[in-house]
Amino acid sequence: MRGAAITRRNLLVGIGAAPLAVASAAAAAPRSDLELLEQLLRLERRLEATYEAAYDRSILGDELARSLRDQERAHVDGLEKTLSVRGRRPGPAPGADPRLAIALRERRTFARYALELEARAIRAYVDAEASVRDIRLMQPLGAILTTETQHEVALRAALGEPLLGV
Amino acid sequence: MYPQHSLGASSRACATSSSHSPREIRTVPKASVRSVAASLTRRVALGGAAVLLASCASDDPPPATGPRPGPGVGLLNSILVHEHAVVAAYGTMDELLRGESSRYARQIEEQERGHVRRLEELIRGLGGSSARSRTPDEYARSFPRLQTAGDALRFANDLEERLVRVYLQALPALPEAKLRRAAAAIASDEGAHLAVINVLRGRPAAPQPFVTGTL
């Protein structure tokens, strides 16, 4: 009896969980290269906008802010071209992040905000290297990844913090 | 500036000379190994070339008999050979560097040791055996003569640039997602090391938008 009850409960739970399982499987489904590139492009555009704002407000030091902005812009250009040659038109730029306006009030807060964005981008590139299917993308994405880690060092240097973050 | 292809070929050359090489590594034509060696030999400035060429002359014992290791072992071993040499190189810079430079060099050396352990773990996981490190004396004989802190930092710069390229060029050849993720994570560390060396040399941490110079 007990065994039968458990079985029925399991079955009911199983039925209830089925749509969830399907949704979860869809969410966990490997993304296409185009989706990965689009995600990376969104992150790069956010970084570009962040350093552009820092340059406009002279919050980070003009030379550093301009250099970081220009490098993120080069990444954006590269990703947009990569998407274009694959027949995908890059989507619109993301809206302004409300947290950026707050971060821009003070140099240290801004650098911390930018470090967070860089860390997020680095994680996304490392993930992309594991899942991208077109092997021709692996080295170029790696070249951007390693540059983002250099940006972290540049930001830590600007903050006067340990350069390796440990 | 190093030729874009040289380290990939160099890595494969190292692996070819390693007795742990799998099939995919052994197919590198000897001519390309010679051309890489020639292009590296032409470099007379301080650099990692001597290290890398010396590292390639591995005298590791033949692999143990048993099941064939998984694909990727040879490539990981060729990277490991580079990492062993870099760890040894940082050891030799110790007496020339002072203060902040010395502190960061030690920190980087420790992280490189971590990379060695990670690579060994991956190789073991694939059923392979890891390339061994040479003795400090053997490495020292192959390193350039360093006389000043500036020499040491230029040497470190050269080594880190090469390591970044080694990892990036390995990515397309690594067969498993897990291996690529590990290589990418280590490459990102090497990018940071390069940036730290740049700062110690009084240069911008990130001088160009793509560490390897191209997209």
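Start with B:V196, which sits in helix α9 of chain B. This is a predicted model, so keep the cut-offs on confidence in mind. Is B:V196 buried or exposed? B:V196 counts as buried because 26 other C-beta atoms lie within 10 Å, and the cut-off for that label is 20 or more. Setting aside residues up to four places away in sequence, B:V196 touches B:Y104 and B:I108 in chain B, and A:V153, A:L163 and A:L164 in chain A. For a distance, take B:S101: 95 residues from B:V196 in sequence, with the two C-alpha atoms 9.3 Å apart in space.

Now B:A177, which is also placed in α9 of chain B. B:A177 has 14 C-beta neighbours inside 10 Å, so it counts as partly exposed. Its contacts, again leaving out residues up to four places away, are A:A130 and A:S131. Between B:A177 and B:T148 there are 29 residues along the chain, and their C-alpha atoms are separated by 42 Å.

That brings us to the contact between the chains. Chain B puts in 29 residues and chain A puts in 30. On the side of chain B that touches chain A, the helices supplying at least two residues each are α6 (99–125), α8 (149–170) and α9 (177–200). Which of them gives the largest share? That is α9(B), with 14 residues. By type, this side of chain B divides into 21 nonpolar residues, five polar and three charged.

In soluble globular proteins, nonpolar side chains tend to be buried together. Here the largest nonpolar core has 93 residues, and the members touching the most others are A:Y125, B:Y167, B:A183 and B:V196. From chain A, two or more residues come from each of α2 (33–57), α3 (62–85), α5 (107–131) and α6 (138–159).

Now each chain by itself. Chain A has six helices and zero strands. Of its 166 residues, 38% are buried. Among contacts in chain A with a separation of 6 or more, 69% are between residues 24 or more positions apart. Chain B has nine helices and, again, zero strands. There, 52% of the 215 residues count as buried. For contacts in chain B between residues at least 6 apart, 79% join residues at least 24 apart.

One geometry check, on α2(A). With 25 residues at 1.5 Å a residue, α2(A) should span 36 Å, and its end C-alpha atoms are 36 Å apart, which agrees. After α2(A) comes A:S58, with a positive phi, near 50°.

Last, confidence. Chain A has a mean pLDDT of 86, with 83% of its residues at 70 or more. Where does pLDDT stay under 50 in chain A? Over residues 1–26, and for that stretch the model has zero contacts beyond four places in sequence.

That is what I have; I am happy to go back to any part of it.

Definitions and conventions. Residues are numbered from 1 along each chain as its sequence is written. Chains are lettered from A and ligands numbered from 1 in the order in which they are written. This is a predicted model: local features need pLDDT of at least 70, side-chain atom pairs count only at pLDDT 80 or more; totals for chains, interfaces and linings use all residues. Two residues are in contact if their C-beta atoms, placed from the backbone, lie within 7 Å. Helices (H or I, at least four residues) and strands (E, at least two) are DSSP runs, numbered from the N terminus. Ala, Val, Leu, Ile, Met, Phe, Trp, Tyr, Cys and Pro count as nonpolar, Asp, Glu, Lys and Arg as charged, and the others, Gly among them, as polar. A nonpolar core is a set of buried Ala, Val, Leu, Ile, Met, Phe, Trp, Tyr and Cys residues joined through C-beta atoms within 7 Å. A residue is buried if 20 or more other C-beta atoms lie within 10 Å of its own, exposed if 12 or fewer, and partly exposed in between; C-beta atoms are placed from the backbone. pLDDT is the predictor's confidence in each residue, from 0 to 100. The expected span of a helix is 1.5 Å times one less than its number of residues.
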